[in-house]
Amino acid sequence: MTRKLLAAALALTVTLAGCGLRSASGTVLDAGPGAIRHYDSLDGVPITVTAKDFTEQLILGNMVSIVLNAAGAEVTNMTNTPGSFGVRQAMLNGSATVSPEYTGNGWINYLGNEKPIPDPTAQWQAVNEADAVNNLTWLPPAPMNNTYAFAIREAEGERLGVTKLSDLAGLPRNELTFCVESEFASRNDGFVPMLQTYGLSPDALGRVTHLDTGVIYTATADGDCNFGEVYTTDGRIPALDLRVLDDDRKFFPLYNLSVVVNSDLLRAHPELGEIFDELSPRLTNETMMALNARVDSDGDDPAIVARDWLVSEKLLS
């Protein structure tokens, strides 16, 4: 997820060979028109798509590239750009013109705001308005919201009767065991403020274990802790039969997906808005979890996963 990838700005490109993360960067898979049609006005128009170097962004970057190619544009696919910094700089300097991005990431990490806006529409409108000075337009967001959450294995959630974070205050201390990342434990939108929001203190917990992100999912599924820090669209959630607890007091920032477009390009080709109005509403948390799982659990290629889904939805053929 973008918030933990900012540190990758100075990192070297890593070849994503494990867990099915085979980059299709530079390649745009062919597909025919469907609900998203071919536009003569886009024929030969150069568009460069950039996306980051983790599973979800590999899928989304390829999805955007395939859609724009089918619509008629001449697409350069820069999916698999290392880290948020590289993607943001490409959009700011004009070397890329379209990118899948998250509203909370834009608002907090790119534009430097400290307080998130709890309403998804208001958050999108605020980041779109603020980024206009950078000649960037954030198109209306998808329902999917890839933010922080806590999950519990389904059987244990049933036993404890927990479905939302406010249920935690009613549990005995020995059941309040957590697995979290070290970085999350020290964030101002992280673990301790979350506990305070839900009427808990660190002293009231049974055990807190600091683990790497990937290990948290398996540790939670194996019962090493009851509650594990997760990201809400991660494909390991359904694969490991985890139950995501509802953030019923709306503590965590919203990270709804938006397609960010160079404003000059969008003014010249407003049909881009029509294209993504077809795509974005179909991208829900459940959809993205299933697509991520095909890459992380099944080892499928992100570009093929993207094209298969677009065809299955009849967006393309």
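Two strands are said to pair if DSSP finds at least two bridges between them. Helices (H or I, at least four residues) and strands (E, at least two) are themselves DSSP runs, numbered from the N terminus.

This report concerns a predicted model, in which local features need pLDDT of at least 70 and side-chain atom pairs count only at pLDDT 80 or more, while totals for chains, interfaces and linings use all residues. Residues are numbered from 1 along each chain as its sequence is written, and side-chain values use heavy atoms, with hydrogens and water left out.

**The annotated span and its opening unit**

The unreviewed UniProt entry places the feature "domain: ABC-type glycine betaine transport system substrate-binding" at residues 46-310. Such positions are given in the numbering used here, with feature names shortened, and annotations may be inferred rather than shown by experiment. The span is 43% helix and 18% strand, and its end C-alpha atoms lie 22 Å apart.

Over six bridges, β1 pairs in the parallel sense with strand β2, residues 74-79. Within this pairing, I47 has V75 of β2 as its bridge partner. Together with helix α2, the two strands β1 and β2 make a right-handed β-α-β unit; a crossover is right-handed if, with the strands pointing away from the viewer, the path from the first strand over the helix to the second runs clockwise.

**Nonpolar cores**

A nonpolar core is a set of buried Ala, Val, Leu, Ile, Met, Phe, Trp, Tyr and Cys residues joined through side-chain atoms within 4.5 Å. The largest such core has 57 residues, of which M63, L68 and I275 touch the most other members. Helix α2 (residues 55-70) gives the most to this core, contributing eight residues. Leaving aside neighbours within four places in sequence, M63 is in contact (heavy atoms within 4.5 Å) with L279, L283, L291, A306, W309 and L310. Another core, of 31 residues, lies apart from it and includes L160, V162, F178 and V180.

**Aromatic pairs**

Rings of Phe, Tyr and Trp (its six-membered ring) pair if their centres lie within 6.5 Å; planes under 30 degrees apart count as stacked, over 60 as edge-to-face and the rest as tilted. By this rule there are eleven aromatic pairs. Two of them are set out below.

| Pair | Type | Centre to centre | Between the planes |
|---|---|---|---|
| Y148 and Y231 | tilted | 5.3 Å | 40° |
| F150 and F178 | edge-to-face | 5.6 Å | 90° |

Y148 lies in strand β5 (residues 148-153) and Y231 in strand β8 (residues 227-231), so their pair ties together parts that are 83 residues apart in sequence. F150, in strand β5, and F178, in strand β6 (residues 177-180), are 28 residues apart, and their pair likewise links distant parts of the chain. Y148 and Y231 are buried, and F150 and F178 are buried as well. One aromatic cluster is formed by Y148, F150, F178, F184, F191, F227, Y231, F251 and F252.

**Further covered sites**

Helix α4 (residues 103-110) is mostly covered, with seven of its eight residues buried; among them are W107, I108 and Y110. After α4 comes G112, whose phi is positive, near 80°.

Y255 lies in the loop between β9 (242-244) and β10 (257-262). Y255 counts as buried because its relative accessibility is 0%. From A142, Y255 is 113 residues away in sequence and 9.9 Å away in space, C-alpha to C-alpha.

Notes
Buried means under 20% relative accessible area, exposed over 50%, partly exposed in between (1.4 Å probe, protein chains only).
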